[in-house]
Amino acid sequence: MNPDHIQMPLDDQRLMQEFTSSGSREVFSLIYQRNHQDLFRFVTWLSGDSELARDITQNVFLKVFRKPQLFDPNKSLKVWLFSIAKNQWKNEIRYHSLRQVEQSAESWSTLEVEEPLFNAKKNLVQKALNRLSFDHKEVVLLKYSNNLTIAEISDYLECSEGTVKSRLFYALKKLREEIAQQS
Amino acid sequence: MKNENIPSELFDLIADKSFEELTSKERPMVEEWLTAEEYSDYRSFVTTIRQTDSERDYQLSERSWTQQSALNLNRLANRPIPAYQVAALVLLVFGLSFLLPTSSSPEKKEPVLVENTEGTPISQDSYPEDLVFNP
């Protein structure tokens, strides 16, 4: 299929269906182009390590390329990609934790914030974000870095929209408290 | 009031509008949940997150997927194997060597002498003429 013929009218779900049935690399390329930056951004914030985020992002797309049939066409592709990435990142954490126990001398500094931010305010916000619990950090990033709707986040977290709103509200409150403490 | 009942719109407004920009309809809804100061602080966090995103480069080149597979294999090969896993593997192999039957070893049986081995007598019954080819 010529990518020129499948521009905007096809949404991600339709593109995935097309790729599942045809295995076309061109269709896959479109899926990649449309989604990789959002995914890379999400994992970078989550892990604080752009190299690791790069690897995880590429691995997620490799999985999609190999097993597109696992995609549920009734769900959002972005939500599916984010879920795979989150699982991969958790596996990395488990692996690094194991290594940390076995090689106590080796610090796990690569997963700390590695990129110095450009000014104090950004640094302050990023540090405060890293002090939040995983659930709170995740929901803030999904909403404000990735612009997911409350409904999409609820789908991703597999909980009610009310729970998402409550969590997001509390996360913003905690973020404010953390920043107040730091400054 | 439960946080679960917050209108979703509130979270979008935080990202989209400053407190001063809120309309006369939006402001009372916001004030039901947040003070003006809280709203402005939250908006400031969101703006900072988005500003950071805009300054970072999230563009990745599209790797060849065969190349990515090779990278994964290399990564896997370079991972150090924890000592407990090696020990478990050795124990497993050692244990299996006792449990599994040693089918590959030759069976030790005494040779049996076969007696009374008679050949097939040459007769019309055993070798009918029609079936014997004589050049």
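The core is described first, then the interface. This is a predicted model, in which local features need pLDDT of at least 70, side-chain atom pairs count only at pLDDT 80 or more, and totals for chains, interfaces and linings use all residues. Residues are numbered from 1 along each chain as its sequence is written.

A nonpolar core here is a set of buried Ala, Val, Leu, Ile, Met, Phe, Trp, Tyr and Cys residues joined through side-chain atoms within 4.5 Å; buried means under 20% relative accessible area with a 1.4 Å probe, protein chains only. The largest such core has 70 residues, and L81(A), L129(A) and Y144(A) touch the most other members. Helix α2 (residues 25–47) of chain A gives the largest share, eleven residues. The core lies between domain 1 (1–115) and domain 2 (117–183) of chain A, because both give residues to it.

Y144(A) also touches residues of chain B, among them F11(B), I14(B) and R50(B).

| Item | Value |
|---|---|
| Residues in contact (heavy atoms within 4.5 Å) | 52 of chain A, 43 of chain B |
| Buried area (accessible area lost by both parts on being put together, 1.4 Å probe) | about 4500 Å² |
| Salt bridges (Lys or Arg side-chain nitrogen within 4 Å of an Asp or Glu carboxyl oxygen) | five |

Of the buried area, 57% is on carbon and sulfur atoms. Y144(A), F169(A) and R176(A) supply 18% of the area that chain A buries against chain B, more than any other three residues. R41(A) forms a salt bridge with D53(B), with the closest N and O atoms 3.9 Å apart.

Notes: Chains are lettered from A and ligands numbered from 1 in the order in which they are written. Side-chain values use heavy atoms; hydrogens and water are left out. Buried means under 20% relative accessible area, exposed over 50%, partly exposed in between (1.4 Å probe, protein chains only). Helices (H or I, at least four residues) and strands (E, at least two) are DSSP runs, numbered from the N terminus. Domain bounds come from an automatic or database domain assignment. Buried area is the accessible area (1.4 Å probe) that two parts lose on being put together, summed over both. Lists of a residue's contacts leave out its neighbours within four places in sequence.
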